[in-house]
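Try each task before you read its solution.

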Amino acid sequence: MGLKHQAFFYSLFLSRLADQILLFLVPLVIFQLTGSVAWSGAAFFRETLPRFLSFPICGALCDRVSPLRLLRVSQLYRAVVCFGGMVGFAVFGRVGWLIAISAVCGVLTTQGLMAREVMLPQVFAGHRFEKVVSYTQIADQLGMVVGPLVAAGLLTFWPWEYVVVSTAVLFLAADGAVIAWQRSVRPTLAEPEMATGNWALPIMIALRHVVRLPGLMEVVLLAAAVNLIIGVTLATSAAMVTGIHSQTETYYAGLQAAGAIATVIILFATAHTAIPLKTLGLAAYSMIFLGGVVTGLASGPHVYAFGFVFVVGFDKMFNVFIRSMRQRIIPRQDLGKTTGLVVMLNNLSQPLAGLLVTVFAAMYGAGGVITALSLFMGIVGVLVGAVKLRRAPREAVAD
């Protein structure tokens, strides 16, 4: 997107790299300590719920405070939390500190994500938004490619506590890249709106948009169904690979990297191909559904890996569709608050998936839970498609 913006993407890469190391550590360390798929699901639920519940507040903040300032606060405070959490672990012990660090950093990650989301259409106003989103997703995915490999490599030499400290250094480096980008580009951003009324008002405005803006509710339902599969995949992948399919930590890290590499390839194709937006969304949704069914029914590690790569690989392609649709539907002045609420609604199904694994994995097995949720995703897609087909003739008459 131009040499002058490289530091912006470096910051995104470094921030995602550190986040991905934390996300890699939590289910793996919990499963190694407990040997329980249910405990892995419970840890995933506790880790992800706070980050998703915070989206509406973070989105409203981005309409009232400079998103650039919020981005910097997000990165600096994540470094502080990592350092402070490890001090707490050294003094008091217990692996709960790892879950707490990841949960708090998750909320701050939400703030950084929302800040970037509000900045993108302003900073890259002269570019096709699908292309901008694809490139930001590529930087994000490169962090996901390297993150598991770095985490697995560091764990062969260091205990997990030292690996957490290394993420703090990466967050500081990400902030340094933002400072360099800011000094080079000197971006001009819209002035935040004046704070009026109480904090419930932005949420009510956003909720009204979700209900009334044409097409936005359908986007929310489709994204929630996709995130149900993403959530159950993330919550069970460590246990499925290292437990049920008896593979090593290195295999698990390599599988995550393979999924991220596939995503980068798909995103490059998306960025350089003018695919109609609805076709893009349908293709990604179908491939994620297929991947979910395959991972649930897989009888061996390589079949599971095939399904896993499909789920993870096409997730960000679907994300390009969702983010582009949001930009088209939501008014710019309400982008932060409405996007925050929408993203929370989209992603609450991820911790719900972890909770479902906790409750039902012992009775039906992780594969059974994954298959059931995949079938549910397919039903949601068919129902939303049927509603849109029934609505299309009425919209054509109205036009």
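**Exercise 1.** Find the helix that holds A283, and decide whether A283 is buried, partly exposed or exposed.

*Solution.* This model is predicted. Start with the helix: A283 sits in helix 11. Next, take the relative accessible area of A283, which is 33%. Buried means under 20%, and exposed means over 50%. A283 is therefore partly exposed, at 33%. Now look along the chain. F45 and A283 are 238 residues apart in sequence, and their C-alpha atoms are separated by 29 Å.

**Exercise 2.** Describe the largest pocket: its volume, the residues closest to its centre, and the helices that line it.

*Solution.* Begin with the volume, about 470 Å³. The lining of this pocket has 20 residues, and L222, L282, V384, G385 and K388 are the closest to the centre. Then go helix by helix. At least two lining residues come from each of helix 9 (216-244), helix 11 (277-297), helix 12 (301-329) and helix 14 (349-398). Which helix gives the most to the lining of the largest pocket? Helix 14 does, with 7 residues. Finish with the classes: the lining has 11 nonpolar, 6 polar and 3 charged residues.

Methods: Residues are numbered from 1 along each chain as its sequence is written. This is a predicted model: local features need pLDDT of at least 70, side-chain atom pairs count only at pLDDT 80 or more; totals for chains, interfaces and linings use all residues. Side-chain values use heavy atoms; hydrogens and water are left out. On a 1 Å grid over the protein atoms alone, a cavity is a set of points where a 1.4 Å probe fits but cannot get out, and a pocket is an open set with protein on both sides within 12 Å along at least five of seven lines; lining residues have an atom within 4 Å of a point. Grid points are joined across faces, edges and corners, and a volume is the space filled by probe spheres set on the points. Helices (H or I, at least four residues) and strands (E, at least two) are DSSP runs, numbered from the N terminus. Ala, Val, Leu, Ile, Met, Phe, Trp, Tyr, Cys and Pro count as nonpolar, Asp, Glu, Lys and Arg as charged, and the others, Gly among them, as polar. Buried means under 20% relative accessible area, exposed over 50%, partly exposed in between (1.4 Å probe, protein chains only).
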